[in-house]
Amino acid sequence: MLVIWAGLGLASPAQDLLGEVSRLLADYYGGFSQVRLQELRQKYQGELEKICAQEVACPVNKAYTVIGSLVAEIGDRHTRYFTPEDYAEIQRRLAGSSSNRPQLGVQLQVVPGLEGLLVVEVMTGTPAEEAGLRRGDRILAVNGEALPQAEAERNNFLRERLSTGGPIRLTIQRAQQRFEVEVQPRIISLRQLPSLSLRSDGVAVLRIPSFSGYQQVGPRIHELVRQAQAAGARGMVIDLRNNGGGVLSECLVGAGAFVEETYRRLQDNLRASEQGYKDGYYYFRSGGRDRPQYEVQAVRWTAPVVVLVNERTASCAEYFTFDLQEGRQAPVIGQPTAGVGNTATIFLRLSDGSGLQVTTSRAQRKDGSFYPDRVTPSVSFSDDFQALAEGRDLMLEKAVELLMEVNTGIEQE
């Protein structure tokens, strides 16, 4: 058959890209969606033909919106389309490579009713950390020029001033205190490794911003847990808020610092694979045998632990939380998570430099049951950014309060 799709005779870069995406989805998609990919292709083929009707050779960028709509209609939050610019950025972050422009090393939040930009994350080893910026600070002005009143313009305003290459002066509001710091933006590593802080009340706070970084994040979690034990910490809060996931090996190994064993069976359209962590090893299971991939200096945290999550806790971070929730009944505080905790994905680069993230398999427990799509917290709680700007992390305070109650119960027994 010479013509499969209407309009195929008017082949163009845009048509070619739509065809490439359709083939890859048909070959790789293995998620829970019941949408018929063949019917989607036919629907959006027609949409693209309308857009390209006046084009002799329809350029590839004409297909981006159409492809984005097609992929979104699959209804799988783990399956997404990225334009070339966005795909390059996400690959840099997954690989932990360097930023493509000078940065401070912070994650910022616009909070309705609050002036400026709220700092919700300070990355380690960055200009922001070196300048002493903290979670809860607000950036109000750059070089004496106030950030715009219009909320949608604030991030671009700051980004433009970071691109000049020289040092900048930031006006910071910290609770009731206002001061200035000088910061030299620079190219930074995008790898976000776990960090540990030890509070004076004996609680250790383990912040895990990402699970990206093969053979780095998991071992680092074990190392930090060992440090918390050596410091005599009586309880631990694991902060997974805004953790969008990462490499499966790292959440399995990391959770192994808190439970005896972790395991996932990933079932795609043709076969199943098994992997997990036990006895200090991350392994694949093949032919009934566990084949170790790498070893860690294992440690086990046995004191009380509480996990913090929110609606941006996703994918591998949901896996990690399930393992602690099911493996040791750890309390979870926060909001229902993103809802991609029962699948695994791959990234596929397309011929024009754009890319797909495609759900390839469904995650199962040892008994063959599928995991739920999201974590349901045992204590419902939302971040209060107004309070954070005043110097209080209310969700963290709730976790510490819960740990103190658990510790008191243990001491009384």
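1. Two strands are said to pair if DSSP finds at least two bridges between them. This criterion applies to the present model, which is predicted. Strand β10 (residues 235-239) and strand β15 (residues 305-309) run parallel and are joined by four bridges. Within this pair, Asp239 stands opposite Leu308 of β15.

2. The pair of β10 and β15 belongs to an open sheet of six strands, whose order is β8-β9-β10-β15-β16-β19. The pairing in this sheet is mixed. Its edge strands, β8 (195-198) and β19 (379-380), each pair on one side only. In general, the strands of a sheet pair through backbone hydrogen bonds, in either a parallel or an antiparallel manner.

3. Both senses of pairing can be followed at β9 (203-207). With β8, strand β9 pairs in the antiparallel sense over four bridges, and Ser197 has Val205 as its bridge partner in β9. With β10, strand β9 runs parallel, and five bridges join the two; here Val203 stands opposite Gly235 of β10. The strands β8 and β9 also form a hairpin with four residues between them, and Gly202 in its turn has a positive phi of about 90°.

4. Are the residues of β9 buried or exposed? Five of its five residues are buried, and the strand is described as mostly covered. In a regular strand, side chains alternate between the two faces of the sheet. In β9, Val203, Val205 and Arg207 point one way, while Ala204 and Leu206 point the other way.

5. Helix α7 (residues 217-230) lies across β8, β9 and β10, and runs at about 10° to β8. Helix α9 (residues 316-328) lies across β10, β15 and β16 (332-334), and runs at about 145° to β15.

6. Strands β12 and β13 run antiparallel and are joined by five bridges, with Tyr282 in β13 as the bridge partner of Tyr277. Strand β13 is also antiparallel to strand β14 (residues 289-295), through six bridges.

7. Gly280 lies in the loop between β12 (272-278) and β13 (281-286). Why does Gly280 count as buried? Its relative accessibility is 4%, and the cut-off for buried is under 20%. Apart from neighbours within four places in sequence, Gly280 is in contact with Tyr294, Glu295, Val296 and Ala298. The C-alpha atoms of Gly280 and Pro219 are separated by 9.7 Å, although these residues are 61 residues apart along the chain.

8. Finally, helix α2 (residues 37-51) packs with helix α3 (residues 64-73) at an angle of about 160°, their axes being 10 Å apart. The two helices are therefore roughly antiparallel to each other, a term used for angles over 145 degrees. The crossing of α2 past α3 is right-handed. Residues of α2 that meet α3 include Leu40, Tyr44, Leu48 and Ile51, and those of α3 include Val66 and Leu70. By class, this contact has six nonpolar, one polar and four charged residues.

How values were computed
Residues numbered from 1 in each chain as written. Predicted model: local features only at pLDDT ≥ 70, side-chain atom pairs only at ≥ 80, totals over all residues. Heavy atoms only, no water. Axes fitted to C-alpha atoms, helices over the stretch in contact; angles between N-to-C directions. Parallel < 35°, antiparallel > 145°, perpendicular 65-115°, else oblique. Left-handed = near helix turned anticlockwise from the far one by under 90°. Contact = heavy atoms within 4.5 Å. Nonpolar A, V, L, I, M, F, W, Y, C, P; charged D, E, K, R; others polar. Buried < 20%, exposed > 50% of the residue type's maximum accessible area, 1.4 Å probe, protein only.
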